Amino acid sequence: MGERIGVYICHCGTNIAGKVRVSEVRDYVATLKDVVVARDYLFMCSDPGQELIEKDIPEHRLTRVVVASCSPRMHEITFRGAVKRGGLNPFRSFHMVCIREHCSWVTQDEDEATAKAKDLIRAAVNRVRFHKPLETVEYPVNPNVLIVGGGIAGMQAALDVAKAGYKAYLVERQPTIGGHMLQFDKTFPTLDCASCIGTPKMVSVAQSPNIELLTYSEVEEVSGFIGNYRVRVRKKARYVKPECTGCGECSNVCPIARPNEWDERLGQRKAIYRSFPQAVPVTFVIEKKDRGPCVQACPAGTNVQGYVALIGQGKNQEALRLIMEKLPLPGTLGRICPAPCEKVCRRGDLDEPLAIRELKRYAADQVDWENLPVPAIEPKKQRVAIVGSGPAGLSAAYFLALEGYRVTIFEALPVAGGMLRVGIPDYRLPPEVLEREIGYLRRLGVEIKLDSPIGAGHTLDDLFEEGYQAVYLATGAHRSAKLGIPGEETTGVIPATSFLKEVNLGSRPQIGPEVVVIGGGNVAVDAARSAMRLGASSVSILYRRTRAEMPAYPEEIEAAIEEGVRLEFLVAPVEVIAQDGKVKGLRCVRMELGEPDATGRRRPVPIPGSEFQVKADTVISAIGQVPDTRFLEGIKGLQVSGRGTVVVDPVTYETTKKGVFAGGDLVTGPATAVEAVAAGREAAISIHRYLRGLDLREGRPSKPSGQNWSEVSPEIPRRPRAKAITLPPDKRKDFSEVNLGLPREDASAEAQRCVSCGVCSECMECVSVCKAKAIDHKMEDEVVELEVGSIIVATGYDLMDPTPMTQFGYGKYPNVFTSLEFERLNNATGPTGGKILMRDQNGAFTRPPESVAILHCIGSRDVNYHEYCSRVCCMYALKFAHLIKDKLGHETQVYNFYIDLRCFGKGYEEFLKRVQDEGVMMIRGKAARVTDEALDDSEKGKLIVVAEDTLLGKLLRVPVDMVILCAAMEKRKDAEQVARTFGISIGRDGFFLEEHPKLEPVSTATSGVFIAGACQGPKDIPDTVAQAKAAASEALALSSYGRVSVSPTIAEIDPYICVGCQVCRGLCAYSAIEFDETRNVSVVNEAVCKGCGSCAAHCPSGAAKVKHFTDKQLFAEIDGLLERLRFGEAA
Amino acid sequence: MAEFEPVIVAFVCNWCTFTAADLAGTSRLLHPPNVRLIRVMCSGMVDPKYVLKAFLEGADGVLIGGCWPGDCHYINGNLKARRRVALLKEILRRFGFEEDRLWLRWIAASEGNVFAETIKEMVEKIKALGPSQVRQKLVA
């Protein structure tokens, strides 16, 4: 049977007909094969236009219809309806061509437009004959509505949805709902207070049983389609549970101050905060980023930022408590720690790193250790033996004692402290300091047995027999490494460890006047400085590399030089020269630096023939230490490595013998005290778990990571690092301490230099004052999935930052404010409690201004920034003028610099009249610049607004105290990303694009997604609320109708062609293709398929196709488009 | 002889480039009339044989317009299009078509201006290449 096709061409008024010669196209189309009717009409979409089609179908027995008009995205559904009413299947018998958006509107030349229209219609006529009948599918609509953005638009939409009896999810990114409107003081033109009309809305939202509020949350992903959306929302960790009563005690004790965003950074808030007292929900929130680099760098994991913050507040005891959560010897480490935290301190990016070690020491030295409170400990029966009382042993003992275990330390020496006591000279670490901290351990119940070596007489195995259920080995590395040169055994050659041990134990070893120390580490420097103190006339350190490679701390090297120690670099000893069995000197060789070795340091290489002699009465060798594991000889099952260290599991510190753990230098070889302390703590955790029968590995190792830190503002004033007081070099004759610590007045100021990388410092002060027990620092983000039928996006606007427009002096002069800042100055909950005050150079508020200039159109109506008008500025500028007069008195001068006044709304013009009557000066002319360069005395100390009064044609200079910039409303910074998430288009102004500027003001390119409020464009509160109600009404229409038609254009696989290769299944992004084993073919699941056509485009056998986009249809369309090329214009 | 006016067939995704073309229209962004749009639901739906068909019927250029990576309405159809185009270019070259006659462009729904600019640019480039070998035979 032959086809009978009708073609209908729309003039669209002059939109199409103005460029496309419609009658010519009609006559041409009439000549095409099977076209029996070709008509044109003024408005095909109108009622008579549609009727034309409906009537023609039966009259002319049409089988197919083509409409050429606007974009099918606009009216495809309209004409499908007409075709259906005419009695034909709307898919089989209809195709639509766009000759407006794609043709008449974008083509300059009439001939070209007409030719293009002919091509397009010919292709459609070709295509439509291959269309197949399809039926639209209806799906149920989920009646729930998601509203994104909790400003006035979002709140209103949510309330309307809830009022209709449907569920509304309101997602807000900020910790409180309210939006910009709640930042305002009064609203124009009625001057009602924004809070008075806004907070009741907030409360209603919170109280409505139909609204589920998700604050501090963001939508991450949207999937599905109209009526059936799935939305993934990330609820950011608030660290405060809903039990919070909003009392604010936490905020009072929080040591971290941050700029207050709600107050436009005019004031400060704490790390734990609430935007404003009427916030909804009332729950506080903690701003927390990744743990600071200092915390991450500390081997012991000490909460550096936390204790520094507390010291900054003078809370030394609290600081000490926090340190001692991870570190039992704060005063000790505060003196000798290599402070890896300081090397990564981000304050160093600004000026100098914080003196963290000195601060720790300061805190430890401020408290009364005798009376330091001992925490409540629940005693346990089990006994643990610790061998060695160095930092590792003491640390393990401390943490085990805190857990309630009965801990005994066995120490071979007559004093406790290990290397801390006998390796580090007293002038660096006075024994009293160590003693007071060990004393505290004793108060925790730790028993220390001195002169009690474990070894041949009293073995490791004996300890278990004596009732100890676990043993921790931490005997350190006390044996000096050998020099390995001839003459090493000569009298007068002393290993540094023995030398320092003797010194530290109070005996004064015999040394000659000429002392040579070999080595470059801290031990070498310690030995050299000690030798000086013992009265040597000359002490020199020989080191085989250069100063840059010396492992000793730079400040130690510096102090040694101050005290008269000489340093010789690139020198190595070759032989000890003896005379009468005593040291007489050293034969040395000069070195040079070669290739880098395994440690990354350049390897020293001897220079041949460079040998020379050094005079020496005493040689102290300090080239390293090794552990002494002889005490473990004969112990079964305990493995010792070839390096002489005890082998342990790197995570749990278990040795190869059950119940025996080890750590510190005994395991690692010589390392730092802080690493030993960290190892001791880990071992304590393991021993605790071991004794309780728990998994030793679970959750370990746990180290904080990440680099999402607070920004270090370049505006922070530079301040040098505080310096500790030191004993002058000429006073350093005995072993009294050289470093005397930070002066009291410097310590807290130094702590306040911290840039708070992690924002919240986790000092836990808030936890200790929260009576509701609402604070949970371990809280994590939560991801929830919502199912909704429609979505309303009401994400609002950003105020333009006027800083780049340097002519207005924003950011340079303290009394140039943005409009939003001025709103906060006016607001009773703002930084000034509602007083309009000026700022001094430091940002402190001082006195009210005597004159104010309000500058309109800053960034709006400006081709350099935004061409559009921000629509609200004229009116709020008038409101500001009124408020200034009202609050500061009539004598305060107010100048409005405007281009045009746009007072278009209800009561707006009347408000202008009122403000003018109040004596506000209106100057027609955009301000050119703001300057503080005075030309005469009347301008001194003022901000001078330079503008042309265009009505007088005169250049003006107006001196004022304060300038308010009416900055443009602009799209949110992340509008593009939000648009992508929700499938919304963006207009040229950057705001979200409505589907039609007049008729579809809240619909978007994606069905079921609506927009409301300032995210669509600048608008005032009444318009925003109206639009919100419109969006709610669209969403509710879907919810209440309950069904939605979905296009039937999905994929199908012809089972007679399919060979069962299943390639399509791997391609399908929706897993919509199943495999029928019995028939050996792939089958489309129609409920899941979305019709993307990935399968159809790839199917090797051509079995898969998408309905309405089949090969035949597409080929016919291509043929039609290109026919002219084959057959020439006459075709 | 009149100046060579290339004919370009564009397979455009309904959700982005087709909508961008609509936006170019509503914004009255004039561009050359040489392009004929064929609306598809996704760039991933464009079977290589459609492209070959268009060339064999005399098209001087073919444009495939899809959503930006990550923005595909159907999750990742655009990435499939990208792979196909890479292979197609290989084939086209072997058949004596310059590979620059086939363009794949990401044009978001909001990028009406990008659509208009792309068309202008493409028409210019194809003009420089001259008529395709098939077109030359058809005209002759």
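Student: What makes the approach of the A:G758 backbone oxygen to the side chain of A:R291 a polar contact?

Tutor: In this predicted model, the backbone oxygen of A:G758 sits 3.3 Å from a polar atom of the A:R291 side chain. The cut-off for a pair of N or O atoms is 3.5 Å, so 3.3 Å falls within it.

Student: Why is A:R291 called buried?

Tutor: The relative accessibility of A:R291 is 10%. Buried means under 20%, so A:R291 qualifies. This arginine is found in the loop between β16 (285-286) and α9 (293-297) of chain A. Leaving aside neighbours within four places in sequence, its contacts include A:W709, A:C760 and A:E762.

Student: How do you know whether A:H777 is buried or exposed?

Tutor: A:H777 has a relative accessible area of 10%. With the threshold for buried at under 20%, A:H777 is therefore buried. Its place is in the loop between α25 (765-769) and β35 (782-788) of chain A. Residues that A:H777 touches include A:Y239, A:I286, A:K288 and A:C760, not counting those up to four places away in sequence.

Student: What makes the pairing of A:H777 and A:K288 a polar contact?

Tutor: Their side chains are joined at 2.7 Å. The limit is 3.5 Å, so the pair is counted.

Student: Which class does A:R73 belong to, and why?

Tutor: A:R73 has 24% relative accessibility. Buried needs under 20% and exposed needs over 50%, so A:R73 counts as partly exposed. A:R73 lies in helix α3 (residues 72-85) of chain A. Among the residues it touches are A:A1005, B:N14, B:W15 and B:R39, with residues up to four places away in sequence left out. The backbone oxygen of B:N14 is 3.0 Å from a polar atom of the A:R73 side chain.

Student: Why is helix α14 (residues 356-366) of chain A described as largely enclosed?

Tutor: Nine of its eleven residues are buried, so helix α14 of chain A is largely enclosed by the rest of the structure. Among the buried ones are A:I356, A:R357, A:E358 and A:Y362.

Student: What makes A:R26 and A:D27 a salt bridge?

Tutor: The N to O distance between their side chains is 3.0 Å. The rule asks for a side-chain nitrogen of Lys or Arg within 4 Å of a carboxyl oxygen of Asp or Glu, so this pair passes. A:R26 is partly exposed at 24% relative accessible area, and A:D27 is partly exposed too, at 44%.

Student: How do you know that A:E765 and A:K315 form a salt bridge?

Tutor: These side chains meet at 3.2 Å, N to O, and the cut-off is 4 Å, so the pair counts. This bridge links distant parts of the chain: A:E765 belongs to helix α25 of chain A, while A:K315 is in the loop between α10 (304-312) and α11 (316-323), 450 residues apart. Both A:E765 and A:K315 are buried.

Student: And what does the salt bridge of A:R428 with A:E556 tie together?

Tutor: The closest N and O atoms of A:R428 and A:E556 are 3.4 Å apart. A:R428 lies in the loop between α16 (419-422) and α17 (431-443) of chain A and A:E556 in helix α21 (residues 554-562), so the bridge ties together parts 128 residues apart in sequence. A:R428 and A:E556 are both buried. They also belong to a network of salt bridges whose members include A:D526, A:R529 and A:R732.

Student: Let's turn to chain B. Why does its radius of gyration agree with that of a compact globule?

Tutor: For 140 residues, a compact globule would have a radius of gyration near 14 Å, and chain B has 14 Å, so the two agree. Buried residues make up 61% of chain B.

Student: Why is B:F95 called exposed?

Tutor: Its relative accessible area is 58%. B:F95 lies in the loop between α3 (77-94) and β4 (102-106) of chain B. Together with B:L52, B:L56 and B:I91, B:F95 forms a nonpolar surface patch of about 370 Å² accessible area.

Key:
Residues are numbered from 1 along each chain as its sequence is written. Chains are lettered from A and ligands numbered from 1 in the order in which they are written. This is a predicted model: local features need pLDDT of at least 70, side-chain atom pairs count only at pLDDT 80 or more; totals for chains, interfaces and linings use all residues. Side-chain values use heavy atoms; hydrogens and water are left out. Patches are made of residues with over 30% relative accessible area and no salt bridge: like charges are joined within 9 Å, nonpolar side chains (Val, Leu, Ile, Met, Phe, Trp, Tyr) within 5 Å. Accessible areas come from the Shrake-Rupley method with a 1.4 Å probe; for residues, only the protein chains shown count as cover. Helices (H or I, at least four residues) and strands (E, at least two) are DSSP runs, numbered from the N terminus. Buried means under 20% relative accessible area, exposed over 50%, partly exposed in between (1.4 Å probe, protein chains only). The radius of gyration is taken over C-alpha atoms; the globule rule is 2.2 Å times the number of residues to the power 0.38. Contact means heavy atoms within 4.5 Å. A polar contact is a pair of N or O atoms within 3.5 Å; within protein, one must be able to donate a hydrogen and the other to accept it, and residues adjacent in sequence count only if both atoms are side-chain atoms.
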